[in-house]
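This briefing goes through one protein model by topic. Please look over the sequence and the structure before reading on.

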Amino acid sequence: MPRHPVIAICIVLLFGISAACGNGGEQSAPRSPEPPADPPPLVAAPAVAESPGAPGPSGAVPVNAQEQSTTGEAAGVAWTVPARWEVQPPRMMRVATYLIPKDAEDDEPGECAVFYFGRGQGGSVDLNLQRWREQFETDTGGQPSLAERKSTINGLAVTTVSLAGTYLASMGPMFQSGAVKKPGYRMLGAIIEAPEGNVFVKLTGPEKTVLSADGEFQAFLNSLK
């Protein structure tokens with residue numbers, strides 16, 4: 001064999017061995033893939049306080065319960081109920097009944113009752129004023145004086161009265177007096193001459209409770225329309 005080809009073959013073999021044994025003769029192992037980084041922890045979005053009147057998630061506008069207005073109507077007139085008065089379940093011969101929260105010094109709450117008996121029913125203004133007066137008595141057993149006032153509210157004739165003394169709580173229909181006596185009571189009354197007949201409003205209760213509702217009673221009447 002010629003000498004030069006043998007030398008060339010040896011050179012090629014030495015070059016291949018050197019390339020394979022580079023970096024100290026150790027062959028580097030392939031890197032294993034690094035584990036993916038942990039995802040960042042989930043953080044809850046801060047709560048957003050809902051303000052009255054702000055749109056909710058569905059786009060609806062919530063209504064503040066304290067801002068709702070309760071209304072009533074009878075005989076062709078309507079009114080707005082004071083926010084502090086609580087609407088009671090229906091009762092016989094009454095259009096509406098409202099509970100008046102009691103004063104801190106009183107033992108029981110007051111009550112405002114609205115009556116309407118139909119066109120031409122229930123008696124005249126003067127007859128009912130006398131009936132109301134007969135539902136109270138003084139300490140000596142007589143009839144108390146009746147403070148009466150006539151006015152026009154939004155085009156409606158209204159007669160208002162105030163009575164105080166021992167209340168003879170009604171136990172029967174209409175305005176009949178009963179046998180239950182409640183001393184220290186007061187009444188605020190109003191007779192509204194509505195388009196379809198008289199409407200009778202009667203607020204009774206312990207004196208301090210009724211006096212605390214006097215402004216609300218006037219607001220009730222002023223809302224008539």
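Which residues does Ser223 touch, not counting residues up to four places away in sequence? Ser223 touches Ala78, Trp79, Thr80 and Asn154, where contact means heavy atoms within 4.5 Å. This is a predicted model, in which local features need pLDDT of at least 70 and side-chain atom pairs count only at pLDDT 80 or more, while totals for chains, interfaces and linings use all residues. Residues are numbered from 1 along each chain as its sequence is written, and side-chain values use heavy atoms, with hydrogens and water left out.

**Overall make-up**

- The protein chain has four helices and 10 strands; helices (H or I, at least four residues) and strands (E, at least two) are DSSP runs, numbered from the N terminus.
- From the N terminus on, the order of elements is α-β-β-β-β-β-α-β-β-β-β-β-α-α.
- Of the 225 residues, 32% count as buried; buried means under 20% relative accessible area, exposed over 50%, and partly exposed in between, with a 1.4 Å probe and protein chains only.
- Among contacts between residues at least 6 apart in sequence, 52% join residues at least 24 apart.

**Ser223**

- Ser223 lies in the segment after α4 (214–222).
- Its relative accessible area is 18%, so Ser223 counts as buried.
- The side chain of Ser223 reaches the backbone oxygen of Phe220 at 2.7 Å. A polar contact is a pair of N or O atoms within 3.5 Å; within protein, one must be able to donate a hydrogen and the other to accept it, and residues adjacent in sequence count only if both atoms are side-chain atoms.

**Helix α2**

- Val125, Asn128, Leu129 and Trp132 are buried in helix α2 (residues 125–134).
- Seen down the axis of α2, these buried residues fall within an arc of 105°, so they line one face of the helix. The arc is that of the directions from the helix axis to the C-beta atoms.
- An α-helix has 3.6 residues a turn, so residues three or four places apart point the same way.
- The cover over the buried residues of α2 includes β6 (136–137), β7 (147–153), β8 (156–169), β9 (180–194) and β10 (197–206).
- At the start of α2, a side-chain oxygen of Ser124 comes to within 3.2 Å of the backbone nitrogen of Leu127.

**Salt bridges**

- The structure holds eight salt bridges, each a side-chain nitrogen of Lys or Arg within 4 Å of a carboxyl oxygen of Asp or Glu.
- One of them joins the side chains of Arg84 and Glu216 (2.8 Å, N to O). This pair links distant parts of the chain, with Arg84 in the loop between β2 (77–81) and β3 (86–87) and Glu216 in helix α4, 132 residues apart.
- Arg84 has 34% relative accessibility and so counts as partly exposed; Glu216, at 19%, counts as buried.
- The side chains of Lys181 and Glu137 also meet in a salt bridge (3.2 Å, N to O). Lys181 in strand β9 and Glu137 in strand β6 are 44 residues apart, and the pair links distant parts of the chain.
- Lys181 is exposed, with a relative accessible area of 51%, whereas Glu137 is buried at 17%.
- Lys150 and Glu148 meet through their side chains in a salt bridge (3.7 Å, N to O); Lys150 is exposed at 54%, and Glu148 is partly exposed at 42%.
- A network of salt bridges links Arg91, Arg94 and Glu111.

**Aromatic pairs**

- There are eight aromatic pairs in the structure. Rings of Phe, Tyr and Trp (its six-membered ring) pair if their centres lie within 6.5 Å; planes under 30 degrees apart count as stacked, over 60 as edge-to-face and the rest as tilted.
- The rings of Trp85 and Phe220 have centres 5.8 Å apart and planes at 25°, so this pair is stacked. The pair links distant parts of the chain: Trp85 is in the loop between β2 and β3 and Phe220 in helix α4, 135 residues apart.
- Both Trp85 and Phe220 are buried.
- Tyr167 and Tyr185 form a stacked aromatic pair, at 5.7 Å centre to centre and 10° between the planes. Tyr167 and Tyr185 are both buried.
- Trp79, Trp85, Tyr98 and Phe220 form one aromatic cluster.
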